[in-house]
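These are my notebook entries on one structure. I set down what I looked up, entry by entry.

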Amino acid sequence: MVQIKDYLFTCAPSALVELRLPKGVQGVVGLAQAPIALQNELASKLGLKPIFTMCIPSTTSANGVIFLGSDGPYSFLPGIDVSKNLKYTPLTIDPFDQYYINVKAIKINRKPVPGLNTSLLSVNDTGSGGGTTFNTLLPYTILEGSIFKAITSFFAKQLSKVPKVKPILPYGLCYESKHFSSTRLGPRVPRIDLELEGHNAVWSIFGLNSMVEAQPGVLCLAFVDGGIQYRATVTIGTYQMRDIPLKFDLGKSTLGFGGPLSGLRTHCQNFNFTSAV
């Protein structure tokens with residue numbers, strides 16, 4: 001246990017607590033790049049590294065884990081150090097304290113998505129629009145309208161032999177789940193690859209993070225058309241972060257990310273609390 005004197009707190013809007021927080025959640029914590037953010041306060045008060053690594057569980061009934069100030073190891077049962085499997089890409093902070101990464105290309109089934117306006121994917125002047133950011137208040141990834149259309153159209157083309165069903169809002173592409181077999185990485189559907197800056201920095205999205213059961217027997221592509229209302233072209237929501245370790249190293253301005261932990265036969269809920277970390 002550690003006691004911190006003169007710790008700063010702030011208030012969240014009541015609407016956030018009343019309307020957006022899931023049942024059972026008791027509060028919020030800020031992790032943006034601001035002086036009052038949790039990781040920065042702990043760094044300044046305790047001399048920790050300005051790093052936080054979060055692992056969001058795959059179900060609302062399970063607990064996830066967040067590491068503050070630690071480079072690793074991150075030990076998950078049965079004895080797996082997930083810090084060894086991270087890939088890295090540059091991390092940029094915009095004037096609104098949001099984190100951005102640069103997506104260079106998007107592929108589905110290892111094929112480039114045709115008709116994709118790649119100029120929208122990167123952002124040179126953060127805050128002016130475009131680019132890819134994160135938002136843990138959004139359940140699903142929000143895509144700019146033309147990006148959404150290109151991805152859903154090409155995804156559907158890869159499944160041309162599978163009959164579609166009427167979309168269930170807010171999604172735009174849905175199928176009966178009986179057409180897909182199950183794997184450790186979720187329903188067997190085309191893989192979506194986000195090619196990022198950095199050596200071998202490919203964020204692969206498998207069925208576990210790309211398909212959601214919108215209603216019994218119906219799976220939908222878990223991306224939402226944001227039109228032009230969002231500043232970022234791609235805003236990654238929590239469904240695409242489930243069971244994906246994300247390491248925000250603010251000192252090195254890098255994002256470390258791994259593949260789905262189910263591929264390593266573990267989950268975010270399996271953190272070993274008896275380990276040294």
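I take buried as under 20% relative accessible area, exposed as over 50% and partly exposed as in between, with a 1.4 Å probe and protein chains only. Helices (H or I, at least four residues) and strands (E, at least two) are DSSP runs, numbered from the N terminus.

The model is predicted, so I note that local features need pLDDT of at least 70 and side-chain atom pairs pLDDT 80 or more, while totals for chains, interfaces and linings use all residues. Residues are numbered from 1 along each chain as its sequence is written, and side-chain values use heavy atoms, without hydrogens and water.

Entry on strand β2. I looked up residues 65-68: V65 and F67 form the covered face, I66 and L68 the uncovered one. In a regular strand, side chains alternate between the two faces of the sheet. β2 pairs with strand β1 (residues 51-55) in the antiparallel sense over four bridges; pairing requires at least two DSSP bridges. I found M54 opposite I66.

Entry on Q39. I located Q39 in helix α2 (residues 38-46). Is Q39 buried or exposed? Q39 counts as buried because its relative accessibility is 2%. Leaving aside residues up to four places away in sequence, I list among its contacts I51, F52 and L68; contact means heavy atoms within 4.5 Å. Q39 also touches G30, L31, A32, Q33, Y99 and L250.
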